[in-house]
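Dear colleague,

Please find the structure we discussed below. My notes on it follow, and I would be grateful if you read them with the model open.

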Amino acid sequence: MNRKASWAAVTRELELLTTEELLAIIEKPGRLKRYAKTIVAENAANTYVTHLNDVDVPEEFHDAKIAWRKLAIKIGYIGPVAWKVRAGFSVKLHANLVGPCYRHLDHLQDCEFSNYEPTKDAIVFCIPRMAEGSTNKKFAQMEVRREKLRQRYGLPAHHCQSNGSISLLFALIFANFKRTGDKSQLQGRCAVSDTITTDGCHMFAGIFGDEGLHCDPWNDEFPHEGFGFFLLGIEELKK
């Protein structure tokens, strides 16, 4: 997607400046350009996931791409099915730098996990929509459902083996949000991750509304139609 800054959007921002601020820009335009370049560099440093057009998916994943595109067509999704993920994104450290988060996720800083990990270098196949029939299930039932969907849609045998870490889910959701500006991809629901707290609850990413993307523990003793999972095909890249 080629992002462009419309003149209307630029004008709206300029209207928020005082006369003194506008005069400062006119008198020293070079400083504004340098500041903008700094922001561009910061955005690049905090970009951990980029979508891949079908033609840009590495040839070694050709068959996987075709299978996931067929699934996308069946469910009426026309966006990218492959995402290039860079190692190092941590939901605790980076989420607030990448997208809007509920209460800045301050409550996560003291949360202890048994298997917390940042993202790894990978090509991840994912349709950022809740998987069909994935809600109203305990976690073990979600695992069974994942495999049934993988078989039904003819996805590679090593795909759909996990719900993904909470860091990966946040990175993917924000990448799609940056691409589309659409917060409705989860339809008010929550994607359950494989990241587990020390007391055995699975972390979720969801309820992406005006207050930002939420992240909290979910106890699977209480299945609910608001909790499901994304189908993921994770292809880790060797260094």
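I begin with helix α6, residues 139–153, which has 15 residues and reaches 21 Å from its first C-alpha to its last, close to the 21 Å expected at 1.5 Å a residue. That expected span is 1.5 Å times one less than the number of residues. Helices here are DSSP runs of H or I with at least four residues, strands are runs of E with at least two, and both are numbered from the N terminus.

Please note that this is a predicted model, in which local features need pLDDT of at least 70 and side-chain atom pairs count only at pLDDT 80 or more, while totals for chains, interfaces and linings use all residues. Residues are numbered from 1 along each chain as its sequence is written, and side-chain values use heavy atoms, with hydrogens and water left out.

The buried residues of α6 are F139, M142, R145, R146, L149, R150 and Y153; buried means under 20% relative accessible area, exposed over 50%, and partly exposed in between, with a 1.4 Å probe and protein chains only. Seen down the axis of α6, these buried residues fall within an arc of 140°, so they line one face of the helix. The arc is taken from the directions from the helix axis to the C-beta atoms. K148 and Q151, on the other side of α6, are exposed. The cover over the buried residues of α6 includes α4 (62–74) and strands β4 (190–196) and β5 (202–209). After α6 comes G154, with a positive phi near 65°.

Strand β4 holds T195, which is buried, with a relative accessible area of 1%. A polar atom of the T195 side chain lies 2.9 Å from the backbone nitrogen of I166. Leaving aside residues up to four places away in sequence, T195 touches, among others, F113, Y116, I166 and H202, contact meaning heavy atoms within 4.5 Å.

Turning to the strands, β1 (residues 49–52) and β2 (residues 82–85) run antiparallel and are joined by four bridges; strands pair if DSSP finds at least two bridges between them. W83 in β2 is the bridge partner of H51, and V124 in β3 is the bridge partner of W83.

Lastly, the largest nonpolar core has 63 residues, and those with the most contacts inside it are W68, F125, F170 and L231. Such a core is a set of buried Ala, Val, Leu, Ile, Met, Phe, Trp, Tyr and Cys residues joined through side-chain atoms within 4.5 Å. Its largest share, 10 residues, comes from helix α7 (residues 166–180).

With kind regards

Technical notes: A polar contact is a pair of N or O atoms within 3.5 Å; within protein, one must be able to donate a hydrogen and the other to accept it, and residues adjacent in sequence count only if both atoms are side-chain atoms.
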